[in-house]
Amino acid sequence: GTGFEEASLDSDGNTRSFVYGSLGNVTVILHFYAPASLDRAEMTTIADAQIAQLKASEGPDSESPSPQPPQQTASSDTNA
């Protein structure tokens, strides 16, 4: 994934940071607010746990965690 943090503190004295990642056709966006300075190790641990949970909940095909839409087939009109 990709992450970044804002250079300045917000009005509450927190550092805002964001982590983006994807797993198959699912995008994961995590927002972190940390007092004064970012704990990157904690942010990485939380992000890894979220991805692991997503993989675990989707079974063996974890590279495509979201179900694919059903295939549409052309129907024939039998009343013609």
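The model is a predicted one. The protein has 80 residues, of which 21% are buried. It contains 1 helix and 3 strands, and from the N terminus on these elements run β-β-β-α.

**Confidence**

- The pLDDT of the protein averages 76, and 71% of the residues score at least 70.
- Strand S1 has the lowest confidence, with a mean of 84, whereas strand S3 has the highest, at 87.
- Where pLDDT is low, the predicted coordinates should not be read in detail.

**Fold and contacts**

- Strand S1 covers residues 2-5, and strand S2 covers residues 14-23.
- Strand S3 spans 26-35, and helix H1 spans 40-57.
- Among contacts between residues at least 6 apart in sequence, 28% join residues at least 24 apart.
- Ala36 is placed in the loop between S3 and H1.
- The phi angle of Ala36 is positive, about 70 degrees, although Ala36 is not a glycine.

**Aromatic cluster**

- A search of the whole structure turns up 2 aromatic pairs.
- One of them joins Phe4 and Phe18, with 5.1 Å from centre to centre and 35 degrees between the planes, and it is tilted.
- This pair links distant parts of the chain, as Phe4 is in strand S1 and Phe18 is in strand S2, 14 residues apart.
- Tyr20 has a relative accessible area of 33%, so it is partly exposed.
- Phe4, Phe18 and Tyr20 together form one aromatic cluster.

**Nonpolar core**

- The largest nonpolar core has 9 residues: Val19, Leu23, Val28, Leu30, Phe32, Leu38, Met43, Ala47 and Leu54.
- S2, S3 and H1 each supply at least two residues of this core.
- In soluble globular proteins, nonpolar side chains tend to be buried together.
- Ala47 is in contact with Val19 and Leu30, leaving aside its neighbours within four places in sequence.

**Ser17**

- Ser17 lies in strand S2.
- The relative accessible area of Ser17 is 0%, so Ser17 is buried.
- Not counting residues up to four places away in sequence, Ser17 touches Phe4, Glu5, Leu30, His31, Phe32, Leu38 and Met43.
- Phe4, one of these contacts, is a member of the aromatic cluster.
- Leu30, Phe32, Leu38 and Met43, also among the contacts of Ser17, are members of the largest nonpolar core.

**Largest pocket**

- The volume of the largest pocket is about 170 Å³.
- Its lining consists of Gly1, Val19, Tyr20, Gly21, Ser22, Val28, Leu30, Thr44, Ala47, Asp48 and Ile51.
- S2, S3 and H1 each supply at least two residues of this lining.
- Val19, Val28, Leu30 and Ala47 are among the lining residues and also belong to the largest nonpolar core.
- Tyr20 lines the pocket too and is part of the aromatic cluster.

Terms used. Residues numbered from 1 in each chain as written. Heavy atoms only, no water. Phe/Tyr/Trp six-rings, centres within 6.5 Å; stacked < 30°, edge-to-face > 60°. Helix = DSSP H or I, 4+ residues; strand = E, 2+ residues; numbered from the N terminus. Buried < 20%, exposed > 50% of the residue type's maximum accessible area, 1.4 Å probe, protein only. Core = buried A, V, L, I, M, F, W, Y, C linked by side-chain atoms within 4.5 Å. Contact = heavy atoms within 4.5 Å. pLDDT = per-residue confidence, 0-100. 1 Å grid on protein atoms, 1.4 Å probe; cavity = no way out; pocket = protein on both sides within 12 Å on 5 of 7 lines; lining within 4 Å. Points joined across faces, edges and corners; volume = space filled by probe spheres on them.
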